[in-house]
Amino acid sequence: MTQHRGILSLHLVPGMRAFAAENASWLTVFQLPAYAPDLNPAEGIWSLLKRGVLANLAVADFRQLVRVVKRGLKKIQYRPHLVNGCLAETGLTLMHSVTVSSDITN
């Protein structure tokens with residue numbers, strides 16, 4: 001891994017650059033700041049967990065913590081409006097591209 005001005009810059013590694021170039025037909029790469037919680041939907045998910053199942057939690061061991069976090073993530077998974085809200089909070093959007101084959105051989 002290379003360091004660039006104290007920032008982990010895997011996207012600057014020649015192998016990563018080559019991979020992005022080879023897959024440019026379907027892959028779009030955006031360079032984000034090294035630490036940008038306001039652009040990371042996962043930060044919203046962690047916030048939901050910390051205010052929910054992890055609030056005031058004391059666990060006896062790591063396995064118990066893992067069970068609680070998994071249960072909390074499962075609850076969030078079945079409430080898509082929460083996940084969508086975490087994405088919307090970032091201002092980012094998902095772009096869907098549909099590739100339709102015009103080759104009908106059946």
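The protein averages a pLDDT of 79, and 75% of the residues score at least 70. pLDDT is the predictor's confidence in each residue, on a scale from 0 to 100. What you see above is a predicted model, in which local features need pLDDT of at least 70 and side-chain atom pairs count only at pLDDT 80 or more, while totals for chains, interfaces and linings use all residues. Residues are numbered from 1 along each chain as its sequence is written, and side-chain values use heavy atoms, with hydrogens and water left out.

I will begin with the overall layout. The protein has four helices and two strands. Along the sequence they come in the pattern β-β-α-α-α-α.

A contact means heavy atoms within 4.5 Å. Among contacts between residues at least 6 apart in sequence, 37% join residues at least 24 apart.

Next, burial. Buried means under 20% relative accessible area, exposed means over 50%, and partly exposed is in between, with a 1.4 Å probe and protein chains only. Of the 106 residues of the protein, 11% count as buried.

Now to helix 3. Its 16 residues reach 22 Å from first C-alpha to last, close to the 22 Å expected at 1.5 Å a residue. That expected span is 1.5 Å times one less than the number of residues. Which residues of helix 3 are buried? They are V68, V69, G72 and I76. Seen down the axis of helix 3, these buried residues fall within an arc of 95°, so they line one face of the helix. The arc is taken from the directions from the helix axis to the C-beta atoms. On the other side of helix 3, R63 and K70 are exposed.

What covers the buried residues of helix 3? The cover includes helix 2 (41-51) and helix 4 (80-90).

Take helix 2 first. Two packed helices are described by the angle between their axes and the distance between the axes. The axes of helix 2 and helix 3 come within 10 Å and cross at roughly 115°. At the meeting place, I45, W46, L48 and L49 in helix 2 meet V69, G72, L73 and I76 in helix 3.

Then helix 4, where I picked two residues. V83 sits in helix 4 and counts as partly exposed because its relative accessibility is 36%. Leaving aside neighbours within four places in sequence, V83 is in contact with I45 and I76. The C-alpha atoms of V83 and P41 are separated by 8.1 Å, though the two are 42 residues apart along the chain.

E89 is also in helix 4. Is E89 buried or exposed? E89 counts as exposed, because its relative accessibility is 70%. E89 and L39 are 50 residues apart in sequence and 8.2 Å apart in space, C-alpha to C-alpha.

N56 lies between helix 2 and helix 3. N56 has a positive phi of about 55°, although it is not a glycine. With 83% relative accessibility, N56 counts as exposed.

Notes:
Axes are lines fitted to C-alpha atoms, for helices over the stretch in contact, and angles run from 0 to 180 degrees between N-to-C directions.
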